[in-house]
Amino acid sequence: MNFLLVLLFSFIIILFPLLTYLFFVAYNKNIDSKLNKFYFGLALITIYYLQIKYLQINYDSSVIIITFIPLLIAIIKDDKISISILMIIQILTLYIIYKYNIYSLLILHLIIIIISLVRKNKLFPVIYFSIISIFLFIELRYNILLLIFNYLAINILYLFIDIFLKKGDKIINYHMSLKEIEQEKQIQQSLFKIAHEIKNPLAVCKGYFDMLDLNNKKHIEKYIPVIKEEIEHSLLILQDFLSITKIKVEKDIMDINMLVEEVNDNFKPLFKNKKIHNNIKLIDDEVYINGDYNRLKQVLINIVKNSIEALNKENSKINIMTMKNNKYFQIIVEDNGVGMDEEVIKHFSEPFYTTKQNGTGLGITLSKEILKEHNATITYKSEKMIGTKVLINIPLN
Ligand code: ADP
Ligand code: MG
């Protein structure tokens with residue numbers, strides 16, 4: 001094949017895997033940088049394979065210089081794994097198929113490794129192709145004029161590839177940052193909500209302060225408790241929010257069945273005070289899991305608190321039960337409170353969603369995060385005016 005034709009064909013062979021890679025990464029939203037690198041390396045090795053297979057290069061042809069392009073790209077991207085793999089494949093093909101001298105091949109690749117120290121230099125591709133041209137000249141004793149022509153042509157070809165690669169980088173970066181923006185947006189939204197949630201109580205406080213006449217004893221008796229309550233509410237929101245953003249579980253071997261009993265015991269005085277019937281049925285066995293005792297306790301307290309807050313009738317009940325099968329430890333908290341209608345069920349697990357006057361809407365969000373850290377799941381069954389049943393499944397290790 002004519003060198004220029006080969007060059008054109010080669011350009012297509014190089015672009016095809018790179019384009020496939022680009023589309024794949026850009027449209028696949030779940031690729032992290034490690035996978036990204038892997039696919040890029042795969043594209044480079046594919047290019048090398050296609051070149052050897054379809055360019056019909058004769059063993060004595062200086063066109064072989066084109067097959068050094070994937071290695072050049074890997075060096076410029078500083079992808080050490082691809083560099084090593086490409087070098088090994090390259091040495092083997094040139095030695096086995098093209099019968100090049102193995103020692104000169106090893107020396108050439110050693111020199112490439114050494115000069116790759118200056119890969120950040122703009123002239124690096126030129127230096128790289130010069131070294132390979134000199135090698136080919138010595139190895140093949142090729143017509144020097146033709147070699148120089150090829151040398152110039154390959155440099156121009158690489159200029160185009162370089163432009164393409166830079167554009168590709170831009171596209172990849174754009175898609176990666178889109179993903180980050182998405183996460184950032186969520187954080188911003190919650191900050192916005194936080195600001196909003198705290199602004200309300202503060203505005204109420206300010207309103208009362210404006211009306212407050214310090215010489216009027218009635219004012220003080222009436223307004224100060226309200227102000228105190230609003231401040232307490234703001235603190236509660238901040239506290240819940242902080243525990244969500246600061247989630248750090250410290251796991252240890254712990255008895256989860258005992259934890260349920262302990263939480264129930266802690267609530268007993270409150271149950272008694274509010275005339276709530278409390279049934280507790282625990283398996284009579286110790287069940288050890290690898291978990292964060294304090295965090296899991298927080299989850300259970302959140303759930304029982306929600307149940308207590310849902311109760312409003314005479315014959316109020318909260319049943320707590322634990323069960324075990326060979327895969328999961330299960331905790332069930334059941335109440336016969338107000339329950340949830342469809343609208344509430346749709347939203348209750350969203351951050352800041354609350355139907356309570358003094359709620360923060362963060363309890364369930366926080367609990368879900370903690371349970372996620374334990375690979376545990378939580379499911380709600382609720383019916384308006386009948387009650388709510390919460391089921392937690394904690395995998396046994
Ligand atoms: P908060 O308790 O501050 O409102 P949560 O995240 O704990 O926030 O709960 C969100 C909402 O889910 C509650 O406001 C309530 O509407 C609903 N909910 C949770 N648990 C129950 C329950 N046991 N019975 C009825 N509604 C519940
Ligand atoms: Mg709650």
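**View 1. Lys80 is an exposed residue of this predicted model.** Its relative accessible area is 56%, and exposed here means over 50%, while buried means under 20% and partly exposed covers the values in between (1.4 Å probe, protein chains only). Lys80 sits in helix H4, which covers residues 80-96. Helices such as this one are DSSP runs of H or I with at least four residues, strands are runs of E with at least two, and both are numbered from the N terminus.

Residues are numbered from 1 along each chain as its sequence is written, chains are lettered from A and ligands numbered from 1 in the order in which they are written, and side-chain values use heavy atoms, with hydrogens and water left out.

**View 2. Ser10 is a buried residue in helix H1.** Helix H1 spans residues 3-27. Ser10 counts as buried because its relative accessibility is 0%. Which residues does Ser10 contact, leaving aside its neighbours within four places in sequence? They are Gln51, Leu55 and Ile66, where contact means heavy atoms within 4.5 Å.

**View 3. Helix H2 packs with helix H3.** Two packed helices are described by the angle between their axes and the distance between the axes. H2 (residues 33-54) and H3 (residues 69-76) pack at about 165°, and their axes are 9 Å apart. Axes are lines fitted to C-alpha atoms, for helices over the stretch in contact, and angles run from 0 to 180 degrees between N-to-C directions. H2 and H3 are therefore roughly antiparallel; that label is for angles over 145 degrees, with roughly parallel under 35, roughly perpendicular from 65 to 115 and oblique for the rest. Phe40, Leu44, Ile47, Tyr48 and Gln51 of H2 meet Pro70, Ile73 and Ala74 of H3. By class, this contact has seven nonpolar residues, one polar and no charged. Here Ala, Val, Leu, Ile, Met, Phe, Trp, Tyr, Cys and Pro count as nonpolar, Asp, Glu, Lys and Arg as charged, and the others, Gly among them, as polar.

**View 4. Helix H2 also packs with helix H4.** The angle is about 15°, and the axes of H2 and H4 are 10 Å apart. H2 is therefore roughly parallel to H4. On the H2 side you can find Gly41, Leu44, Ile45 and Tyr48, which meet Ser82, Ile85, Leu86, Ile89, Gln90 and Thr93 in H4. Sorted by class, the residues of this contact are six nonpolar, four polar and no charged.

**View 5. Phe348 lies in the loop between helix H11 and helix H12.** H11 covers 342-347 and H12 covers 363-373. Is Phe348 buried or exposed? Phe348 is buried, with a relative accessible area of 15%. Setting aside neighbours within four places in sequence, Phe348 touches Met340, Tyr353, Ile364 and Tyr380. Several residues of H12 are buried, including Ile364, Leu366 and Ile370. After H12 comes Asn375, with a positive phi near 55°.

Conventions:
Predicted model: local features only at pLDDT ≥ 70, side-chain atom pairs only at ≥ 80, totals over all residues.
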